[in-house]
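Please read this briefing with the structure open beside it.

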Amino acid sequence: MYTAPNLVLPRVENLSSLDVYLKHGGFDAYRRAIHLSTDEVIDEVKRSGLRGRGGACFPTGLKWSFMPKSTDKPKYLAINGDESEPGSFKDRQIFEYNPHQLIEGILIASYAMGISKSFIYIRGEYHKWVRLMEDALAEAYAKGYVGSGMKQTFGNDYTTDIVVHKGAGAYICGEETSLMSSLEGDRGYPRFKPPFPANKGLWGMPTTINNVETLAAIPPIMMLGGDAYAQIGAKGHSGTILYGVSGHINNPAVFELPTGLLLTDLIYNYCNGIPNNKRIKAVIPGGSSMPPLRGDEIEGVRLDEESLKVLGTHIGTAGVMVMDEDTDIVAVTLRIAKFYHHESCGQCTPCREGCGWMEKILHRIQDGDATSGDIDLLYDVASNIEGNTICALGDAAAWPVKGFIEKFRDEFEVLCKPQRSFVALNVVHGKRSTASTLVRQA
Ligand SMILES: Cc1cc2nc3c(=O)[nH]c(=O)nc-3n(C[C@H](O)[C@H](O)[C@H](O)COP(=O)(O)O)c2cc1C
Ligand code: SF4
């Protein structure tokens, strides 16, 4: 088992207190960063190979380099702590156990991009974590680590502000353009891209959106150096990552481990296997929006984006959802579809109507009222949502439905009637009818 020290969630008691954080090297990374040029900081992050931990795996250094260099407009950073994807519960660990490292990561990112103000957008239901983050930020302000006090603390001219913003409890507000609408005080509707946030973001100003875990990984990158960080974990998707494991597992928890870990290692060594030693039927590797893997194909699977992409799925938010042999796959698919239907903002027709239809067809299948043609219809509806919407919630809704049908079609078939028309006529006439009698009777 992996024993190297954790980088994002170090095992230090009371690390959420600023004094303890400072005793353990807190803000040394920021001090190091401000002695480099802004381009050098961005270059270090590029060389680290860090990819965003919010689900899309976009290279962080590259994203930062899209921000304009000009200083004539305010520039903003939005920190995405909406964390509403079912199966994802890792950012709250950072809010609770290492909030100052997140603040330090925000300062480094802000320095590198010339940010004047940052907004930590936290999921509406996360009352406890909003409070903890506000407390940590108040402590950092009071001791001169954020805001105007920074000049004196760090001895250079750069200052920036950070505020905590509580969301109103909508999953869609985690989508970056919707998050910006929500921050501006509007309804959380996603926006078309382009224009991209780096050109036209919050209040029309250049903006970068990064996930909480992404920014908490920045101080260790500055301390280790980008090249050394790139050696950790999988090639092409480096670093440690917070795996949140849930479902039919003996030890459900968040584990900070290198990317590229064997899925079986995570399940059997870190999570102590499956209750009652049952077999695994399915695993979703990255939160509910990702296509599943079958239990019989998880041997040798590595948990990083490049390895999972080859298998038709993604690391997403590394929310690993484990389902044992007794799991009702149709019920799981229906539950997931219901979630995305409920959370669709309704702006685009394929998502608004398609999510509703997927839920209806799945109900029909579960109730035993469907034929196998309905499974094809369901697959077709999902395929027509995918790639045809303003934001990726449409894909998030379509992928698990398509994935479960592709991998577990037999579980859908078993609930379906062979031919709805024959059965109906059998009931009416008490004998088997042909298609031609059907047409005549119509
Ligand atoms: C429907 C939807 C919900 C999302 N929810 C979150 C979220 O809760 N947290 C998050 O960091 N990213 C979420 N994302 C991804 C963001 O749009 C964006 O890619 C991410 O915050 C960028 O940060 P990163 O580059 O550091 O990963 C969501 C995307 C979609 C389409
Ligand atoms: S894909 Fe769905 S959630 Fe996204 S903008 Fe369209 S309707 Fe709204």
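The points below describe a predicted model. The protein is divided into domain 1 (18–230), domain 2 (233–324) and domain 3 (329–413).

**Domains and core**

- The centres of domain 1 and domain 2, taken over C-alpha atoms, are separated by 27 Å.
- The contact between these two domains takes 18 residues from domain 1 and 18 residues from domain 2.
- On the side of domain 1 that touches domain 2, there are 7 nonpolar, 6 polar and 5 charged residues.
- The largest nonpolar core has 120 residues, and those with the most contacts inside it include Ala109 and Leu266.
- Not counting residues up to four places away in sequence, Ala109 touches Trp64, Leu77, Ile115, Asn210, Leu215 and Ile218.

**Ligand 1**

- Ligand 1 is surrounded by 24 residues, of which Gly52, Gly54, Gly174, Asn211 and Thr214 are the closest.
- The element that gives the most to the shell around ligand 1 is β4, with 3 residues.
- Sorted by class, the shell around ligand 1 has 8 nonpolar, 9 polar and 7 charged residues.
- Domain 1 and domain 3 each provide at least three residues of the shell around ligand 1.

**Ligand 2**

- Around ligand 2 there are 14 residues, and the closest are Cys345, Cys348, Cys351, Thr389 and Cys391.
- At least two residues of this shell come from α16 (349–366), and at least two come from α18.
- The shell around ligand 2 consists of 8 nonpolar residues, 5 polar residues and 1 charged residue.

**Helix α13**

- In helix α13 (residues 263–270), the buried residues are Leu263, Leu266 and Ile267.
- These three lie on the same side of α13, because they cover an arc of only 90° around the axis.
- The buried residues of α13 pack against several strands, among them β7 (240–247), β8 (253–258) and β10 (280–284).
- After α13 comes Asn272, whose phi is positive, near 60°.

**The loop between α9 and β4**

- Glu184 lies in the loop between α9 (176–183) and β4.
- Glu184 counts as exposed because it has 12 C-beta neighbours inside 10 Å, and a residue with 12 or fewer is placed in that class.
- Leaving aside neighbours within four places in sequence, Glu184 is in contact with Leu202 and Trp203.
- Glu184 and Phe196 are 12 residues apart in sequence, and their C-alpha atoms are 16 Å apart in space.
- Pro194 is in the loop between α9 and β4, and Pro195 is placed in that loop as well.
- The peptide bond from Lys193 to Pro194 is cis, with omega near -5°.
- The peptide bond from Pro194 to Pro195 is also cis, with omega near 5°.

**Residues with positive phi**

- Most residues other than glycine have a negative phi, and most peptide bonds are trans.
- Asn14, in the segment before α1 (18–23), has a positive phi near 55°.
- Phe27, in the loop between α1 and α2 (28–33), has a positive phi of about 70°.
- Which of the two classes, buried or exposed, applies to Asn14 and to Phe27?
- Asn14 is exposed, because 10 other C-beta atoms lie within 10 Å.
- Phe27 is buried, because 22 other C-beta atoms lie within 10 Å, and the cut-off for a buried residue is 20 or more.

Definitions and conventions:
Residues are numbered from 1 along each chain as its sequence is written. Chains are lettered from A and ligands numbered from 1 in the order in which they are written. This is a predicted model: local features need pLDDT of at least 70, side-chain atom pairs count only at pLDDT 80 or more; totals for chains, interfaces and linings use all residues. A residue is near a molecule or strand if its C-beta atom, placed from the backbone, lies within 6 Å of it. Helices (H or I, at least four residues) and strands (E, at least two) are DSSP runs, numbered from the N terminus. Ala, Val, Leu, Ile, Met, Phe, Trp, Tyr, Cys and Pro count as nonpolar, Asp, Glu, Lys and Arg as charged, and the others, Gly among them, as polar. Domain bounds come from an automatic or database domain assignment. The arc is that of the directions from the helix axis to the C-beta atoms. Two residues are in contact if their C-beta atoms, placed from the backbone, lie within 7 Å. A nonpolar core is a set of buried Ala, Val, Leu, Ile, Met, Phe, Trp, Tyr and Cys residues joined through C-beta atoms within 7 Å.
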